Structure formats: C-alpha cells, structure tokens
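I opened the model today to look up a few side chains and their surroundings. My entries are below, in the order I made them.

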Amino acid sequence: KTGQFKRFLPGDDKTKSLNDTVITYIHFEPDRDIWIGTLHGGLNIMHHPYNPDSFCVSHFITESLNRNNVPTVYIIRKLKNGQILVGSLNGLYVFRDKNAEPYIIRETQNNNVYSVVEDNSGYVWVGSSLGPGLYRLHPDMKTTDVFSYDDRDMFSFRGNKVLFIQK
C-alpha cells in the first residue's frame, strides 16, 4: 500500500522477527498468515503480516524440536483436510492447525523430507533423500507404506532418493 519494501530479519524482538536470514520455502494461507521455512531457523509463521498493530511471528520446528539436527525446512504443503505438512531435515511434521503443536510422522524421523504431494484419494506421497526414499501416508495419517530399493526385486526402485514428486 505504501510502495515501500519491508525487510524481515532476525532481531531482538522474537515476536516481530524471523529467526534466520535464509528462506527456503514460503506458503501463503487464505487467512493471510504466511508460513516461512528457513535453512537454519526452522519454521516461522507470520500472523497478520499486513497489519502493523497486530503483526507477530511464531517460531516452530526450532532447535528444541530438532535435538540432533539443524532445523531446516524444505517444503510446506496444505492438505484438503486443512492440516499443514512441513518437510524438514528431521522428517515430516504435521500441524493440525496453525495454533497446535506439531507432531512428527515417526517413520520419517531423522530423514530429509524434500517433497510432499496429496493425491486425489487423500493419500500423501512423501519423498526423502536418506532412504527408504518414498512413503505413502494413508488419509487417516496413522498408516504409512514404505517403498524402497531392494536388490532382489527387479521391480523395486533403483535407489532410495526421491527429491521431487509431482501430481
């Protein structure tokens, strides 16, 4: 509205600033919240970014949630049911809504999750780089199928890295 740019950088006031300078992914929500994945600071959610009076930033998937890894976010996807999935260096996190604490899909823990796609039947396909490679989450988000390389099976994947999935 003003024709001016606003820079968001790490700062002393954590409720008004990002926690990293390297942004890896941006997801815009219809309610105008902005989900920002970063290389070293995890996930930032900007609430009311266009209203200076109520603007604030929440920080999720930070070092406290990633005890053994840097909190890197690679991808953010919203599902048809409203849940938001965040692929990270430490696995796949599920947010039931923007105000809920996330939980991690156990099978993906300690795996780099680069790609997330929901198919027309509600299954979520997850690509990772450390193996097994490809996961399929059932619509209930409780059952996970794993697809990986098996040198005894000529029809299996030829490797355990799935970096990109497209619908």
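**Ground rules.** I am working on a predicted model, where local features need pLDDT of at least 70, side-chain atom pairs count only at pLDDT 80 or more, and totals for chains, interfaces and linings use all residues. Residues are numbered from 1 along each chain as its sequence is written, and side-chain values use heavy atoms, with hydrogens and water left out.

**Entry 1, Q83.** I looked up Q83 and found it in the loop between strand 5 (73-78) and strand 6 (84-88). Strands here are DSSP runs of E with at least two residues, numbered from the N terminus. Is Q83 buried or exposed? Q83 has a relative accessible area of 11%, so I list it as buried; the classes are buried under 20%, exposed over 50% and partly exposed in between, with a 1.4 Å probe and protein chains only. I then listed its contacts (heavy atoms within 4.5 Å). Leaving out residues up to four places away in sequence, Q83 touches R77, K78, V94, F95, R96, Y103 and M141.

I took a salt bridge as a side-chain nitrogen of Lys or Arg within 4 Å of a carboxyl oxygen of Asp or Glu. The count by this rule is 4. One of them pairs K78 with E29, with 2.7 Å between the closest N and O atoms. K78 is in strand 5 and E29 in the loop between strand 1 and strand 2 (34-38), so this pair ties together parts that are 49 residues apart in sequence. K78 is partly exposed at 37%, whereas E29 is buried at 12%.

I also noted E107 with R106, at 3.2 Å from N to O. E107 is partly exposed at 29% and R106 is exposed at 63%. For D145 and R136 the closest N and O atoms are 2.6 Å apart; R136 is partly exposed at 23%.

Which residues form a nonpolar patch on the surface? I found I23, I26, F28 and Y50, with about 430 Å² of accessible area together. Patch members have over 30% relative accessible area and no salt bridge, and nonpolar side chains (Val, Leu, Ile, Met, Phe, Trp, Tyr) are joined within 5 Å, like charges within 9 Å. Areas are Shrake-Rupley values with a 1.4 Å probe. I23 is in strand 1 (residues 23-28) and is partly exposed at 40%.

Terms used:
Helices (H or I, at least four residues) and strands (E, at least two) are DSSP runs, numbered from the N terminus.
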